[in-house]
Amino acid sequence: MASKLSQLQPKVAQASQYVVRHGGSYYKQLLEKNEQYIQDPPTIEKCQLLAKQLFYTRLASIPNRYDVFWKEAGQFKNLLKNRELELNVENAGLAALFGVECFAWYCGGEIIGRGFTFTGYYV
């Protein structure tokens, strides 16, 4: 562990020097590029107001999301009922891709739950 830390230390120092040299110009470019999204005046109160607006906007979108979910669930049920008629390569590929995505999210959650290790849990 100590050997890895001593190898990592010069790289971190080099990265921090790069950020010190180029961070200010990158920050200015980023603000200029996204100027249309900046609220004036940029105060804490304005940030809190925007956070509240985002929260309640998302809260207000729940009924619409709920309806869309049940609509898609109904389409899935119809697909299962009529699977002999509509089973083609495209639908099978989409189902396989969805299964792989679910498995990838599961594996990612397991890795995060283990404390970002691949080998196992700390006991």
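**Rings and helices**

Mentor: Start with a cluster: Tyr66, Phe69 and Trp70 are linked by ring pairs. Keep in mind that this model is predicted.

Trainee: How many aromatic pairs does the count come to?
Mentor: Four. One of them joins tyrosine 66 and tryptophan 70. Their ring centres are 6.1 Å apart, with 75° between the planes.

Trainee: Why are tyrosine 66 and tryptophan 70 separated by about one helical turn?
Mentor: Because they are four residues apart in helix H3, which covers residues 62-81.

Trainee: New topic. How many helices and strands does the protein chain have?
Mentor: Five helices and zero strands. From the N terminus on, the order reads α-α-α-α-α.

Trainee: What radius of gyration does the protein chain have?
Mentor: It has 25 Å. A compact globule of 123 residues would have one near 14 Å.

Trainee: And what box do the C-alpha atoms fill?
Mentor: Roughly 65 × 50 × 35 Å, taken along the principal axes.

Trainee: Where is valine 19?
Mentor: In helix H1, residues 2-33.

Trainee: Buried or exposed, that valine 19?
Mentor: Exposed, because its relative accessibility is 53% and the cut-off for exposed is over 50%.

Trainee: How far is valine 19 from arginine 65?
Mentor: Their C-alpha atoms are separated by 42 Å. Along the chain, the two are 46 residues apart.

Trainee: Which helix holds glutamate 90?
Mentor: Helix H5, residues 89-113. Glutamate 90 is exposed, at 57% relative accessible area.

Trainee: How far apart are glutamate 90 and lysine 71?
Mentor: They are 21 Å apart in space, C-alpha to C-alpha. In sequence, 19 residues separate them.

Trainee: Last one. How many positive and negative side chains are there?
Mentor: The protein chain has 14 positive and 11 negative ones. The centres of the two sets lie 8 Å apart.

Definitions and conventions
Residues are numbered from 1 along each chain as its sequence is written. This is a predicted model: local features need pLDDT of at least 70, side-chain atom pairs count only at pLDDT 80 or more; totals for chains, interfaces and linings use all residues. Side-chain values use heavy atoms; hydrogens and water are left out. Helices (H or I, at least four residues) and strands (E, at least two) are DSSP runs, numbered from the N terminus. The radius of gyration is taken over C-alpha atoms; the globule rule is 2.2 Å times the number of residues to the power 0.38. Lys and Arg count as positive and Asp and Glu as negative; His and the chain ends are not counted. The place of a charge is taken as NZ of Lys, CZ of Arg, CG of Asp or CD of Glu. Buried means under 20% relative accessible area, exposed over 50%, partly exposed in between (1.4 Å probe, protein chains only). Rings of Phe, Tyr and Trp (its six-membered ring) pair if their centres lie within 6.5 Å; planes under 30 degrees apart count as stacked, over 60 as edge-to-face and the rest as tilted.
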